[in-house]
Number of protein chains: 2
Amino acid sequence: MEDKEFAKELPKKHEDISRWYTDVIAKAELADYWLVRGFMVIRPYGYALWENMTALLDARFKATGHKNAYFPLLLPESLLVKEAQHVEGFAPQVAWVTEAGTEPLEERLAVRPTSEAIFGTMYSKWIQSWRDLPMLINQWCSVVRWEKRTLPFLRTTEFLWQEGHTAHRTEEDGVEETMRMLEVYRDFVEAELAIPVVKGRKSESEKFPGAVDTYTIEALLPDGRALQSATSHHLGQNFARAFNITFQDLDGERRHVWTTSWGLSTRTVGAVIMVHGDDSGLILPPRIAPVQVIIVPIHGKDADEPALREAVDKVSSALSPRFRVEADWSDKRPGWKFNEWEMRGVPIRLELGPRDLRARQVTLVRRDDLERKKQPVPWDGLEARVAAELEAVQGALFQRALQFRAANTRRVTSGEEFRRVMEGPRGFILADWCGDAACEARIKDETGATVRCLPLDTEAAKGPCTWCGRPGQAQALFARAY
Amino acid sequence: MEDKEFAKELPKKHEDISRWYTDVIAKAELADYWLVRGFMVIRPYGYALWENMTALLDARFKATGHKNAYFPLLLPESLLVKEAQHVEGFAPQVAWVTEAGTEPLEERLAVRPTSEAIFGTMYSKWIQSWRDLPMLINQWCSVVRWEKRTLPFLRTTEFLWQEGHTAHRTEEDGVEETMRMLEVYRDFVEAELAIPVVKGRKSESEKFPGAVDTYTIEALLPDGRALQSATSHHLGQNFARAFNITFQDLDGERRHVWTTSWGLSTRTVGAVIMVHGDDSGLILPPRIAPVQVIIVPIHGKDADEPALREAVDKVSSALSPRFRVEADWSDKRPGWKFNEWEMRGVPIRLELGPRDLRARQVTLVRRDDLERKKQPVPWDGLEARVAAELEAVQGALFQRALQFRAANTRRVTSGEEFRRVMEGPRGFILADWCGDAACEARIKDETGATVRCLPLDTEAAKGPCTWCGRPGQAQALFARAY
């Protein structure tokens with residue numbers, strides 16, 4: 001009975017997803033709160049998850065020709081204000097360093113909320129000729145944006161992310177890069193995080209401050225709200241002009257470069273938790289799980305301890321070259337261990353008890369399907385079977401999320417229908433829209449929904465604006481956003 | 001003639017090492033200056049070097065049972081002041097956030113100069129029982145310490161580092177961890193960076209603020225000055241008391257934990273540049289070089305471009321699974337390319353010209369010995385030969401540095417001799433010392449030398465203090481420090 005307590009304290013996910021979310025983060029030891037409101041501590045288990053994610057994403061950046069670098073944490077206020085829309089967008093969220101050592105500073109320094117101004121300053125120095133282009137640099141770092149309402153991972157004052165900043169010779173090259181990185185993000189989030197996303201362009205009001213166009217991938221979370229999971233910005237020549245980034249072109253003329261920037265942050269960890277978890281806790285996609293296989297030894301009444309240890313070592317060594325495997329030798333009871341590792345979302349559990357030992361097998365349990373009958377698997381061929389099961393878990397999680405999204409994406413053709421969906425099940429709404437910011441603001445006021453994006457793969461509007469009746473400009477994807 | 005210009009502009013290392021150092025950093029594109037004094041931008045080539053270093057060090061941390069995590073950038077002033085010596089040591093260097101968004105903060109927040117207070121706060125929450133011990137957590141991050149005199153990598157206001165923070169059940173466990181991590185650093189710096197170091201204990205005046213004992217590894221740079229390359233602190237129960245980190249022990253009693261902390265930073269990149277470089281630029285140890293092998297194709301008069309491309313691809317594919325290889329197809333002349341890649345310190349250059357093509361060979365040049373006759377190496381067996389040459393470069397760099405240190409470490413037995421060495425060649429001085437802080441201060445005033453450490457592997461003092469004549473307490477290692 002006691003074995004169940006650990007998981008029992010967790011609220012049902014569908015009954016109280018907010019408390020479920022913060023409780024899972026605490027119980028799985030992913031993160032903790034910090035003394036300063038809005039900040040969090042990413043604990044080792046949460047950080048291992050992030051490390052696995054960053055390794056897979058970083059490999060994609062390198063494969064597309066990008067290099068990592070490190071740019072400073074602090075920038076003078078006079079730099080931030082150079083691009084007018086940029087400073088207007090970020091100023092209300094900036095943390096300011098005004099004193100250092102025992103002295104007040106002459107000019108206050110912003111803790112970077114994003115680094116366009118910093119990269120822009122250096123690019124104007126480094127870029128001289130078309131030979132220096134494209135310049136393709138990424139950095140992994142933390143940024144600070146003072147937030148009023150925060151939630152671990154999904155919205156924190158400080159967060160970890162990567163920010164790519166590139167400069168190109170032509171507009172075409174800049175647009176191509178913007179779309180290439182959007183596709184890298186889609187591929188990463190769908191293939192590794194097992195979360196389906198919609199690729200689209202942001203409306204004017206949701207665009208990055210200073211961008212010509214912002215592209216996004218939007219995920220649907222189980223509470224029917226959307227999460228912007230990564231963005232890729234075509235910055236045109238806005239920052240090139242503000243920071244005087246010019247180059248001598250092939251024809252000898254001096255021209256402004258075209259720049260892009262793109263980022264993905266620890267908020268995607270929040271998406272992983274929300275999308276895949278269940279009433280027993282986390283369910284982690286195998287590709288990013290810190291522990292892919294947990295081995296739980298079970299002492300029988302006629303326990304032969306050395307034989308058990310030998311068997312666990314044998315199984316563990318067979319799997320560890322290829323998978324992230326751990327064995328739990330703590331002195332807790334097996335049921336308690338099951339609950340703990342289920343809470344932590346480990347995709348596969350292998351139990352090894354006296355009967356398994358005699359039959360030279362393990363008992364395999366899949367985290368994504370605890371109702372399924374436990375599977376005996378012979379030691380011979382275990383590695384191939386584990387590989388297949390991990391693939392199967394990865395695929396099943398994606399399919400489940402895809403089905404949820406399909407069931408919760410609605411084509412809506414009237415304002416009344418729109419309201420009904422938003423007051424009821426929420427989710428994604430596809431609707432014809434006039435493209436007007438004032439209309440968008442009214443929709444938000446009345447329903448809480450915003451334009452998440454203008455999806456890249458849908459056709460033009462079929463009829464008038466669902467909301468205001470004026471001519472439809474595009475089919476837009478609406479949802480309440482995180 | 002023009003080919004030599006690039007390198008010619010570099011001052012001779014032995015004539016003006018300060019300008020040589022900053023020029024190499026600029027020409028090899030390792031780093032650049034930022035608008036805020038004391039900050040730097042780590043450029044892609046410099047960052048790739050750091051990435052290789054961190055991967056090798058991180059693997060050692062994980063092999064010794066440590067896990068990574070991420071702790072917040074900002075801490076309230078009230079936390080920093082909890083450990084009296086700690087705040088006294090760091091307060092003069094702290095950057096303060098006093099405003100966020102449009103509001104002044106109620107309490108100012110320090111940009112972390114180090115994270116003992118942050119880890120301490122969380123450890124007091126996470127540690128309840130002896131079962132939670134040891135707690136072994138590391139983080140990779142940047143820290144800020146306002147510095148008056150700065151130099152790229154060697155002393156910057158913001159720097160990248162890792163900081164390990166551990167908590168233990170007993171004093172013995174804490175001391176053992178302190179020494180284990182010191183040895184990890186020694187092994188890393190000697191094996192990967194090819195820099196010999198002296199392990200030792202810091203004197204009272206050079207100790208980390210709040211530590212019981214600070215241990216260090218000290219390297220000798222070519223200008224005869226010492227560089228503290230990493231430190232490992234036994235913090236006793238000082239931080240446990242200040243942050244109330246207690247646990248229920250095996251016997252049921254509540255006790256304070258014993259903590260340690262240890263760090264290594266981007267200043268070690270400065271050591272790599274200084275120790276190994278020569279008049280042609282950087283020389284990078286193969287284990288950490290971003291590019292280990294550079295292939296330079298040479299078009300002859302009767303150039304058969306497709307055959308040359310094919311040969312370069314063949315050589316490159318043969319080597320790239322095992323080594324970090326690049327081919328330089330830029331339209332610069334070969335001599336210019338040689339100079340550029342020598343400046344960047346690439347350990348091995350393979351030239352491929354018409355004669356090499358005919359003979360199915362490459363011409364191999366080792367960066368650590370440009371005077372040596374160029375070596376023809378047949379394509380068959382190239383991989384094994386390159387592996388052996390890279391090992392040889394790694395070994396040769398370490399031996400050269402070891403010889404330099406041996407030639408510049410002097411056992412000194414009188415104050416006069418001490419002065420003569422410090423006014424002349426400098427380097428390491430081993431001398432009997434009384435252990436008194438006032439005597440240490442006088443030595444510094446009169447010679448510029450400080451106690452770098454009390455080396456772990458030398459015997460007790462043999463005679464009276466070399467400086468003041470009082471009873472000798474220990475043999476100390478003196479040098480002028482960076």
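Student: Where is A:Glu147 found in chain A?

Tutor: Bearing in mind that this is a predicted model, A:Glu147 sits in the loop that runs between strand S7 (135–144) and strand S8 (158–168) of chain A.

Student: Is A:Glu147 buried or exposed?

Tutor: A:Glu147 is buried, because its relative accessible area is 13% and the cut-off for that class is under 20%.

Student: And which residues does A:Glu147 touch, leaving out those up to four places away in sequence?

Tutor: With those sequence neighbours set aside, A:Glu147 touches A:Arg37, A:Gln93, A:Arg155, A:Thr156 and A:Thr157. Its side chain makes a polar contact of 3.2 Å with the side chain of A:Gln93, and there is also a polar contact, at 3.5 Å, between the side chains of A:Glu147 and A:Arg155.

Student: OK, switching to the interface. How many residues of chain B are in contact with chain A?

Tutor: On the chain B side 55 residues are in contact, and they meet 55 residues of chain A. Together the two chains bury about 4500 Å², with 63% of that area on carbon and sulfur atoms.

Student: What about polar contacts and salt bridges, how many are there between chain B and chain A?

Tutor: Between chain B and chain A there are 29 residue pairs in polar contact, counting pairs in which both residues are at pLDDT 80 or more, and the rule finds eight salt bridges across the interface. One of the salt bridges between these chains is formed by A:Lys62 and B:Glu51, whose closest N and O atoms are 3.2 Å apart.

Student: Which element gives the largest share of the side of chain B that touches chain A?

Tutor: That is strand S5 (residues 95–100) of chain B, which supplies six residues. Taken by class, the side of chain B that touches chain A comprises 36 nonpolar, seven polar and twelve charged residues.

Student: In which sense do strand S5 of chain A and S5(B) pair?

Tutor: Strand S5 (residues 95–100) of chain A pairs with S5(B) in the antiparallel sense, over five bridges, and within that pairing A:Glu99 has B:Trp96 as its bridge partner.

Student: Back to salt bridges: what does A:Asp32 pair with?

Tutor: A:Asp32 forms a salt bridge with B:Lys125, the closest N and O atoms lying 2.7 Å apart. A:Asp32 is in strand S1 (residues 31–33) of chain A and B:Lys125 is in helix H6 (residues 116–126) of chain B, so this pair joins two chains. As for accessibility, A:Asp32 is buried at 12%, whereas B:Lys125 is partly exposed at 46%.

Student: Which residue does A:Asp23 meet in a salt bridge?

Tutor: A:Asp23 meets A:Arg19, at 3.2 Å from N to O, and both residues lie in helix H2 (residues 17–27) of chain A, four residues apart, or about one turn of the helix. A:Asp23 counts as buried, with 18% relative accessibility, while A:Arg19 is partly exposed at 42%.

Student: And B:Arg19, what is its partner?

Tutor: B:Arg19 forms a salt bridge with B:Asp16, with 3.9 Å between the closest N and O atoms. B:Arg19 counts as partly exposed at 43% relative accessibility, and B:Asp16 is also partly exposed, at 31%.

Student: Last one: how many salt bridges does the structure hold, over all chains?

Tutor: Over all chains the structure holds 87 salt bridges. In chain A, a network of salt bridges links A:Arg366, A:Asp368, A:Arg372, A:Arg385 and A:Glu389.

Note on methods. Residues are numbered from 1 along each chain as its sequence is written. Chains are lettered from A and ligands numbered from 1 in the order in which they are written. This is a predicted model: local features need pLDDT of at least 70, side-chain atom pairs count only at pLDDT 80 or more; totals for chains, interfaces and linings use all residues. Side-chain values use heavy atoms; hydrogens and water are left out. Contact means heavy atoms within 4.5 Å. Buried area is the accessible area (1.4 Å probe) that two parts lose on being put together, summed over both. A salt bridge is a side-chain nitrogen of Lys or Arg within 4 Å of a carboxyl oxygen of Asp or Glu. A polar contact is a pair of N or O atoms within 3.5 Å; within protein, one must be able to donate a hydrogen and the other to accept it, and residues adjacent in sequence count only if both atoms are side-chain atoms. Ala, Val, Leu, Ile, Met, Phe, Trp, Tyr, Cys and Pro count as nonpolar, Asp, Glu, Lys and Arg as charged, and the others, Gly among them, as polar. Two strands pair if DSSP finds at least two bridges between them. Buried means under 20% relative accessible area, exposed over 50%, partly exposed in between (1.4 Å probe, protein chains only).
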